[in-house]
Amino acid sequence: MIERGCKKIGYIGGLPEVYTEKERLSGFKSALNDYKVKVEKSLIRECDYSVEESYKAMKKLLKEGIDGVFLAGEPFSLGGIKAYNSINTHSLKCFVCFDQIKPDYLYGLPGIVINQSTKQIGKEAAKI
């Protein structure tokens, strides 16, 4: 997103007490810091794992003028896409969807999908 020119980047993820959510948010903040992009706490939304909550969070972020957003899982991605499609005018240039979202959902949208294979993760975890 940063390389595509995004400077005001939002984040929608899950509850902070969940280990994977802490890790994803930490990685998000680290990437922004690496590129000298300000981490704006007001653009970070942590919500339950429902599409409806992420939809509401995304609508608020779009009204705040974000130009990029990291959606940290499938329900967040689905809610974010739904909100994006419900608003005609906004400044969003890029989505990054993390997890098992089908690329078809992003058809015609400025999106990137980071797909993690749950089967491969399970296999690696078993090895460890």
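Rings of Phe, Tyr and Trp count as a pair if their centres lie within 6.5 Å. Keep that in mind for this predicted model, which holds five aromatic pairs.

**Exercise 1. Work out how the rings of Y11 and F70 are arranged, and what the pair connects.**

Step 1: the ring centres sit 5.6 Å apart and the planes make an angle of 10°. Planes under 30 degrees apart count as stacked, so Y11 and F70 are a stacked pair.

Step 2: Y11 belongs to strand β1 (residues 9-13) and F70 to strand β3 (residues 68-71), so the pair ties together parts 59 residues apart in sequence.

Step 3: check accessibility. Y11 is at 1% and F70 at 12%; buried means under 20%, so Y11 counts as buried, and F70 is buried too.

**Exercise 2. Describe how α2 packs on α3.**

Step 1: the axes of α2 (residues 51-63) and α3 (residues 74-86) come within 7 Å and cross at roughly 50°, which makes α2 oblique to α3.

Step 2: the crossing is right-handed.

Step 3: sort the contact residues by class, and you get nine nonpolar, four polar and three charged. Among them are Y55 and M58 in α2, and F76 and L78 in α3.

Terms used. Residues numbered from 1 in each chain as written. Predicted model: local features only at pLDDT ≥ 70, side-chain atom pairs only at ≥ 80, totals over all residues. Heavy atoms only, no water. Axes fitted to C-alpha atoms, helices over the stretch in contact; angles between N-to-C directions. Helix = DSSP H or I, 4+ residues; strand = E, 2+ residues; numbered from the N terminus. Parallel < 35°, antiparallel > 145°, perpendicular 65-115°, else oblique. Left-handed = near helix turned anticlockwise from the far one by under 90°. Contact = heavy atoms within 4.5 Å. Nonpolar A, V, L, I, M, F, W, Y, C, P; charged D, E, K, R; others polar. Phe/Tyr/Trp six-rings, centres within 6.5 Å; stacked < 30°, edge-to-face > 60°. Buried < 20%, exposed > 50% of the residue type's maximum accessible area, 1.4 Å probe, protein only.
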